[in-house]
Amino acid sequence: MKYKIEKNTVQETLILPLYSRKLCTELYPNLYRDETAVHLIDQIDYDFSEAEESSHSLMQRFGALEVAMRQNDLAFEVRAYLKTHPSAAVVNLGCGLDNTGRACDNGSCKIYNLDFPDVIALRQQLLPAGEREQNIPCDLKDLAWFDKIDASGGAVFFASGVFYYFLTRQVKALVQGMADAFPGEVLVFDTANRTAVKMIAKTWLRTAKIKNVGAYFAVSDAKSELSPWDSRLRVSSRGYMLGYNDLKDPSVSGFFRFLAKVGDNGMKMQIVKIGFGGRQ
């Protein structure tokens, strides 16, 4: 049975990142593999012709590389945390149809996938929760979801392509709330500077009829901009195109490595890691 996804629905917004992860797996097999994405594309009844057509363009292929690096970087941070906290909660904020939590499963951690109710409803059909795993419907801005996370063995929270949709004040409130609720734990996410966010707004955020793009979360210097939010925060960052991988793979052209440097240095595309004081 295939699961039909209609055009112009919230569930449709899950398709492009899912397709990008499938494309990454095909284009950069030595750098990235997401067999779940490949499998799910076959399970979904959706007109992929537009995505397939654009997949041949230079920028779409570079965009796929961006997706691959971002997911690899976040997974690296999750696995690094699990090495010292093997029974930790692994919490995917705004999970969509991403399966990073399960990909990082060490056999003893607890996996939580959080997203809006209609997204989780689709996820339950396509990716039903496995052992030690929960799919939790919620609004991330409503901090009531904190009570559903068992952080007794530690917790690593990660968000991929999520905070671009948040106002700066909303990210600040979430981070401050997490510092209260999860001392000693870690939050990892991707971000970029104002110029990059404005470029994103022309595409991803256009359908939301957003006018004041400047109010949305963007970061140039993570440590100096985010540390003042709360004295308990320990902030660090790395470029997410080249901060974890040199991209010296035959599948990546010299031009794409040049664009990766522009992304990291010019657009400040970065993975930000925040430790919440305490025992980490």
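Glu26 and Lys22 form a salt bridge (a side-chain nitrogen of Lys or Arg within 4 Å of a carboxyl oxygen of Asp or Glu), with the closest N and O atoms 2.7 Å apart. This is a predicted model, in which local features need pLDDT of at least 70, side-chain atom pairs count only at pLDDT 80 or more, and totals for chains, interfaces and linings use all residues. Residues are numbered from 1 along each chain as its sequence is written, and side-chain values use heavy atoms, with hydrogens and water left out.

**Salt bridges**

- A search of the whole structure finds ten salt bridges.
- Glu26 and Lys22 are four residues apart in helix α1 (residues 15-27), and are therefore separated by about one helical turn; helices (H or I, at least four residues) and strands (E, at least two) are DSSP runs, numbered from the N terminus.
- Glu26 is partly exposed at a relative accessible area of 46%, whereas Lys22 counts as buried at 15%, where buried means under 20% relative accessible area, exposed over 50% and partly exposed in between (1.4 Å probe, protein chains only).
- Asp190 forms a salt bridge with Arg70, with 3.4 Å between the closest N and O atoms, and this pair links distant parts of the chain, since Asp190 is in strand β7 (residues 186-191) and Arg70 in helix α4, 120 residues apart.
- Both Asp190 and Arg70 are buried.
- In the salt bridge between Arg232 and Asp180 the closest N and O atoms are 2.8 Å apart; Arg232 lies in the loop between α9 and β8 and Asp180 in helix α7, so the pair ties together parts that are 52 residues apart in sequence.
- Arg232 is partly exposed, with a relative accessible area of 33%, while Asp180 is exposed, with 53%.
- Salt bridges that share partners join Asp180, Asp230 and Arg232 into one network.

**Aromatic rings**

- Rings of Phe, Tyr and Trp (its six-membered ring) pair if their centres lie within 6.5 Å, with planes under 30 degrees apart counted as stacked, over 60 as edge-to-face and the rest as tilted; by this rule the count comes to 15 aromatic pairs.
- Phe163 and Phe166 form an edge-to-face pair, 5.2 Å centre to centre with 65° between the planes, and both residues are buried.
- Phe163 also pairs edge-to-face with Phe217, at 6.3 Å centre to centre and 85° between the planes; Phe163 is in the loop between β6 (155-159) and α7 (168-181) and Phe217 in the loop between α8 (194-201) and α9 (222-226), 54 residues apart.
- Ring pairs link Phe163, Phe166, Phe189, Phe217 and Trp229 into a cluster.
- The charged end of Lys141 sits over the ring of Phe166, 4.4 Å from its centre, the criterion being NZ of Lys or CZ of Arg within 6 Å of the ring centre and within 35 degrees of the ring normal.

**Helix α10**

- The buried residues of α10 are Phe256, Leu259, Ala260, Gly263 and Asp264, and they cover an arc of only 135° around the axis (taken from the directions from the helix axis to the C-beta atoms), which puts them on the same side of α10.
- On the other side of α10, Lys261 and Asn265 are exposed.
- What covers the buried residues of α10, with contact meaning heavy atoms within 4.5 Å, includes α4 (58-84) and β8 (233-239).
- Just after α10, Lys268 takes a positive phi of about 55°.
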